[in-house]
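Here is a short briefing on one model. Look over the sequence and structure first, then read on.

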Amino acid sequence: MNLFSFLQINRNMNQGNQTTITEFILLGLSNQVEKEKFIFVLFLSMYLVTVVGNGLIILAIGLDTHLHTPMYLFLANLSFADISSSSTSVPKMLTNIHTKSQSISYEGCITQMYFSIVFVVIDNFLLGVMAYDRFVAICHPLNYAIIMHSRFCLLLTVCPWVLSNIVALTHTLLANQLVFCNHNTIQHFFCDLAPLLKLSCSDAMINELVKFIVGLSVITFPFALILFSYVCIIRDVLRISSTEGKWKAFSTCGSHLTVVILFYGTIVGVYFFPSSTHPEDTDKIGAVLFTVVTPMMNPFIYSLRNKDMKDALKKLINKRHFLPLMA
């Protein structure tokens with residue numbers, strides 16, 4: 001018996017005599033038909049840029065032996081998570097617009113929610129891991145190879161995937177306990193956790209409590225690691241006497257710091273300072289930024305601000321490495 005068969009049986013037991021919801025209706029980003037064509041073209045373009053950009057980064061890291069280091073191993077995982085994050089929601093939204101259908105099955109909705117949680121959480125953990133890597137490289141350069149040995153790097157790579165799946169599974173199992181009565185319309189473009197909880201006609205207090213505690217932990221611990229790492233980095237860099245030395249040290253972590261500011265700036269801007277004019281769109285805005293905009297921007301940030309990455313991408317694009325892959 002697979003997980004979703006178990007969830008379905010458990011759900012049927014919880015529903016009792018209640019009407020069982022077999023599908024949900026996703027209202028999307030706009031209810032205005034004339035805007036749908038623009039949304040379709042815009043999000044298709046952004047999705048293609050995300051897949052191609054992050055895919056090129058993964059290929060470049062895999063083919064260039066100079067990039068077989070812990071920092072680029074973590075970056076390859078981040079790029080894969082970014083592709084996957086966009087792929088959980090955007091293709092389904094584009095399909096719904098193209099087919100003029102807004103429905104998604106209950107199983108499909110739960111699956112979409114599960115993977116959307118996985119990839120947003122793993123982005124958060126990976127940013128913390130990458131900050132720690134830069135901390136060791138800049139603050140303890142002579143011991144970098146000893147500290148960041150292959151087994152430890154493997155552990156730092158695997159742990160975010162395991163933890164993110166545990167977080168997603170926790171929310172999924174709790175969501176499966178909820179009862180959905182006659183209302184099956186989701187004010188969103190994909191099955192996110194927050195709108196699903198609002199839709200339930202049973203008591204979702206435990207779900208909300210777990211969402212708050214787990215969500216706070218998932219954000220706080222990686223952010224604390226990032227903050228600690230950069231405080232130590234800035235302290236050590238300021239001790240360097242030459243301007244050139246300071247610039248070289250900061251340039252090695254500039255791309256990561258930019259992504260961190262974009263990621264956590266989104267959290268603060270959307271969830272701590274919601275729009276006063278359209279508060280009901282806060283969840284949609286946050287989801288678009290996390291699942292579409294940030295994954296699309298990451299390849300540009302890492303390729304434009306990182307000389308090694310730019311050189312690897314040039315090698316990949318100029319036929320010496322790229323054409324053999326196509327043969």
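A nonpolar core is a set of buried Ala, Val, Leu, Ile, Met, Phe, Trp, Tyr and Cys residues joined through side-chain atoms within 4.5 Å. Buried means under 20% relative accessible area, exposed over 50%, and partly exposed in between (1.4 Å probe, protein chains only). This is a predicted model: local features need pLDDT of at least 70, side-chain atom pairs count only at pLDDT 80 or more, and totals for chains, interfaces and linings use all residues. Residues are numbered from 1 along each chain as its sequence is written, and side-chain values use heavy atoms, leaving out hydrogens and water.

**Nonpolar cores**
- The largest core holds 71 residues; F24, I61, L75, F180, I186, I233 and M309 touch the most other members.
- Helix 4 gives the most to this core, 20 residues.
- Another core lies apart from it, with 14 residues, including V90 and M93.
- I186 contacts (heavy atoms within 4.5 Å) F24, C109 and P195, among others, not counting residues up to four places away in sequence.

**Helix 4**
- Helices (H or I, at least four residues) and strands (E, at least two) are DSSP runs, numbered from the N terminus.
- Of its 34 residues, 27 are buried.

**K100**
- K100 sits in the loop between helix 3 (70-99) and strand 2 (103-105).
- Its phi is positive, about 60°, although K100 is not a glycine.
- K100 counts as exposed because its relative accessibility is 63%.
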